[in-house]
Amino acid sequence: MYRIELSGCLTSILIFLLILFLVKELWWVFVGIAIILIVAYYAQMIYKLIADKKEEADKNYTPQMGEVYKVCPYCNTKVKVTATACPKCKRELN
């Protein structure tokens, strides 16, 4: 006699229960993904910091006494003999 239509509501409830079950049973997956994202973020920051320090050290190169070095023809910066580009002006050295 009385027929209740719950097709849309029932589908939503089933999807919600499925998501709840997955979250409850697979919580460690979400925690693992969060940990991986956090570690990747900080690893990228550390890598950038190390690269910036290395670049800064190359820019502020001061040769030791008796060490052979090149001079950049564009900006007159002292550059290591093995360098192919000037770390200050980024131009190619011949």
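This is a predicted model: local features need pLDDT of at least 70, side-chain atom pairs count only at pLDDT 80 or more; totals for chains, interfaces and linings use all residues.
Select Ala57 to begin: this residue is partly exposed, with a relative accessible area of 47%, where buried means under 20% relative accessible area, exposed over 50%, and partly exposed in between (1.4 Å probe, protein chains only). Ala57 belongs to helix H2, and helices (H or I, at least four residues) and strands (E, at least two) are here DSSP runs numbered from the N terminus.

Residues are numbered from 1 along each chain as its sequence is written, and side-chain values use heavy atoms, with hydrogens and water left out.

**The whole chain**

Zoom out and colour by secondary structure: the chain has two helices and two strands, and their order along the sequence is α-α-β-β. The C-alpha trace spans about 100 × 25 × 15 Å along its principal axes. The radius of gyration of the chain is 30 Å, whereas a compact globule of 94 residues would have a value near 12 Å; this radius is taken over C-alpha atoms, and the globule rule is 2.2 Å times the number of residues to the power 0.38.

Switch to a surface next, where the chain exposes about 8700 Å², with carbon and sulfur atoms supplying 67% of it; accessible areas come from the Shrake-Rupley method with a 1.4 Å probe, and for residues only the protein chains shown count as cover. Buried residues make up 9% of the 94 residues in the chain. Among contacts (heavy atoms within 4.5 Å) between residues at least 6 apart in sequence, 8% join residues at least 24 apart.

**Along the helices**

Go to helix H1 (residues 7–25) and pick Leu22, which counts as partly exposed at 36% relative accessibility. Leaving aside its neighbours within four places in sequence, Leu22 is in contact with Trp27 and Phe30. Glu25 also lies in helix H1 and, at 42% relative accessibility, counts as partly exposed. A line drawn from the C-alpha atom of Glu25 to that of Cys86, 61 residues apart along the chain, has a length of 56 Å.

Helix H2 (residues 27–59) holds Ile38, a residue that is partly exposed at 48% relative accessibility. From Ile38 to Met65, 27 residues apart in sequence, the C-alpha to C-alpha distance is 45 Å.

**The strands and the loop between them**

Now select strand E1 (69–71) and strand E2 (78–80), and look at Asn76 in the loop between them. Asn76 is exposed, with a relative accessible area of 61%, and has a positive phi of about 55° although it is not a glycine. Thr77 is placed in the loop between E1 and E2 as well, but Thr77 is buried, with a relative accessible area of 10%. If neighbours within four places in sequence are set aside, the residues in contact with Thr77 are Lys59, Lys70, Val71, Cys72, Cys86 and Lys88.

In the segment after E2, select Lys90, a residue other than glycine whose phi is positive, near 65°.

**The nonpolar core**

For the last stop, show the side chains of Cys72, Val79, Ala83, Cys86 and Leu93, the five residues of the largest nonpolar core. A core of this kind is a set of buried Ala, Val, Leu, Ile, Met, Phe, Trp, Tyr and Cys residues joined through side-chain atoms within 4.5 Å. In soluble globular proteins, nonpolar side chains tend to be buried together. Which residues does Ala83 contact, leaving aside its neighbours within four places in sequence? With those neighbours set aside, Ala83 is in contact with Lys70 and Leu93.
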